[in-house]
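Subject: Handover of a model, with notes

Dear colleague,

I am passing on the structure below, and the notes that follow it set out what was found. Please read them with the coordinates open beside you.

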Amino acid sequence: MHIEIYDTTLRDGAQGEGVNFSLEDKVLIARRLDAMGFDYVEGGYPLSNPKDAEFFQRLVAEPLKNAKTCAFGMTRRKGIAAADDPGMKALIESQAPVVTIVGKTSEFHVREVLQVSLEENLAMIGDTIAYLVSEGREVIYDAEHFFDGWKLNPEYAAKTIQAAADAGAIRVVMCDTNGGSLPEEVAELTRAAAAAVEVPLGIHTHNDCELAVANALASVDAGATHVQGTINGLGERCGNADLISVVANLALKKKKGYKMLGGGDSQADALEHLTELSGYVYEIANMLRRGAQAFVGPSAFAHKGGMHVHAINRVAESYEHIPPESVGNARRILVSELSGRSNIIAMTTKLNLQEDKALMDAVLKEVVDRENEGYQYEAAEASFALLVRKLARAFTPHFELVKYHVTTESRGGSPLTEATVKLLVHDPEGEDTVEHRVAEGDGPVNALDGALRKALKGRFPQLAEMQLVDYKVRVINSEAATAASVRVVIESRDADGETWGTVGVDENVIQASWQALVDSIEYKLCKEEGAGGGGQG
Ligand SMILES: CC(=O)SCCNC(=O)CCNC(=O)[C@H](O)C(C)(C)COP(=O)(O)OP(=O)(O)OC[C@H]1O[C@@H](n2cnc3c(N)ncnc32)[C@H](O)[C@@H]1OP(=O)(O)O
Ligand SMILES: CC(=O)C(=O)O
């Protein structure tokens, strides 16, 4: 059975705190969803702001290829004809072929929020849809507060969706607007709605009880054939149903043969692009990815516990509910104090090192000891790779520190930071040289990085290709007051997009930063020589 997937990232997703798409962002996301086979893409509320209105004009100039574009609006204002309502005018002018209209289902909302009679609300629903249909639009009706409204007054709730169906709505979508319903209630009321109207039913759920996806799935099992939600679950308050999880569960977990996103090969292809889609939307929204996001998060198939990794090495599905590749994700093995030898073997295999029991034991001991001192290798695979090479005696440093010096000076204005670095730079085929360089920076780490690069750029020009993209500091034993150590984790990126993390720990933040900086540069140089391996990007 085909289940329609309706994306409202650009409207309800944009109602999430901290989400603000530009016009260009919206167009890019709409086209990506279109390419992946989504049935409907809701672009926004044309009455609300010029950007949303302009979005639809952009799609008139260059329409989506597969998905239907939907413009969102509410039922006509009380006491006026639909044709006279500015909201209707904006919807018609959007030229979107589909209009999604939200209307009230709950008599409580009709009385207390709209403050109109129950009859006037029914007329507002019917008039609005009939008018838009007469203007040649397909209308999807979003029944706001459907579940709460039905529980309060089922006869009235049924009348509201019947008014929508009678006026020509092509879908009636049951909205769990406050996100307070449970899956069993959603299933039961989906069956009740199916008995009240013949129009295909849809489901639109919010995540206030962490049940948006479960509620959407329950509704589909009970007969809904259209699911509304957003990518990554962005949306008002706690968000909407995450369509990534909805699609992955319907396609991969349910045994009822649900088909979506084009079905067949296109469906499989779309599933394999879900991780990429999730990252794309986070990137455009300028938001950090959620590590533990189901199916597509970086931690969704990351194995940390030694016993898990041991089992995974024997049979992948022992600790994985689906193959990570089926949703475009990848297995990751983490190294930490919770590791057993299996974690270390998995990581060193990635580094192309021979399996060597004595080395594995030494690495495991070193990792456990260092994590006890505050190091953490989960986000610092490059430092781990260097640590293994050092223990395997397969590492020759490219340079050594003679001394560094960092000063910060303020004469009343913004402080100025300056770093001096003196290095012994090795040259296996020639003479070692001493490089002594100074650089200014926005802060101590920036200045140190500048001076370090100046000292190395003559001998290693390829360092110009890499840049530091993230810097995190954390105090790790704050109860020890003055003796507290800090952990610095630096993320670096190469010209080809590969990223790697390095770590440093010390009581002095500059020394911790120096360790992480040196590891970052050594990793890049080893990588160039084919000896780094195991990048994280
Ligand atoms: C469940 C949902 O997510 S629905 C979508 C919610 N999204 C948004 O609100 C974002 C876009 N909204 C906006 O840009 C603005 O709210 C607008 C342009 C729609 C309206 O702005 P304003 O005219 O200034 O009204 P305001 O937002 O203060 O109040 C909403 C008005 O709509 C009325 N209203 C609310 N729902 C409906 C409905 N389904 N049908 C008709 N009128 C409605 C309210 O009664 C209120 O009118 P009133 O002040 O005459 O009582
Ligand atoms: C329509 C909608 O966004 C809701 O009821 O949640």
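Let me begin with helix H14 (residues 341-350), which is mostly covered, with seven of its 10 residues buried. Helices here are DSSP runs of H or I with at least four residues and strands are runs of E with at least two, numbered from the N terminus, while a residue is called buried if 20 or more other C-beta atoms lie within 10 Å of its own, exposed if 12 or fewer do, and partly exposed in between, the C-beta atoms being placed from the backbone. Please keep in mind that this is a predicted model, in which local features need pLDDT of at least 70 and side-chain atom pairs count only at pLDDT 80 or more, whereas totals for chains, interfaces and linings use all residues. Residues are numbered from 1 along each chain as its sequence is written, and chains are lettered from A and ligands numbered from 1 in the order in which they are written.

The buried residues of H14 are Ser 342, Asn 343, Ile 344, Ile 345, Ala 346, Met 347 and Thr 348, and they pack against helix H13 (306-314), strand S10 (332-333), helix H15 (357-373) and helix H16 (381-391). Two residues are taken to be in contact if their C-beta atoms, placed from the backbone, lie within 7 Å. H16 is itself largely enclosed by the rest of the structure, because nine of its 11 residues are buried; among them are Glu 381, Phe 384, Leu 387 and Arg 389. The buried residues of H16 pack against H14, H15, strand S16 (499-506) and helix H18 (509-528).

H16 is followed by Arg 393, which sits in the loop between H16 and strand S11 (399-409) and has a positive phi near 55° although it is a residue other than glycine. Arg 393 counts as exposed because 8 other C-beta atoms lie within 10 Å. For context, most residues other than glycine have a negative phi.

Turning to the protein as a whole, its secondary structure comes to 18 helices and 16 strands, its C-alpha trace spans about 90 × 60 × 45 Å along the principal axes, and 45% of its 537 residues count as buried. The domain assignment, whose bounds come from an automatic or database source, gives domain 1 (4-285), domain 2 (302-372) and domain 3 (399-533), and the C-alpha centres of domain 1 and domain 3 lie 50 Å apart. An unreviewed UniProt entry places the feature "domain: Pyruvate carboxyltransferase" at residues 3-270, in the numbering used here and with the caution that such annotations may be inferred rather than shown by experiment. Over residues 3-270 the chain is 45% helix and 17% strand, and the end C-alpha atoms are 14 Å apart.

As for the ligands, 17 residues surround ligand 1, the closest being Tyr 45, Ser 48, Met 74, Thr 75 and Val 102, where a residue is near a molecule if its C-beta atom, placed from the backbone, lies within 6 Å of it. Strand S4 (98-104) and helix H4 (107-114) each give two or more residues to this shell, and S4 gives the most, with three. Ligand 2 is surrounded by Asp 12, Val 102, Asp 142, Glu 144, Cys 175, Thr 177, His 204 and His 206.

With best regards
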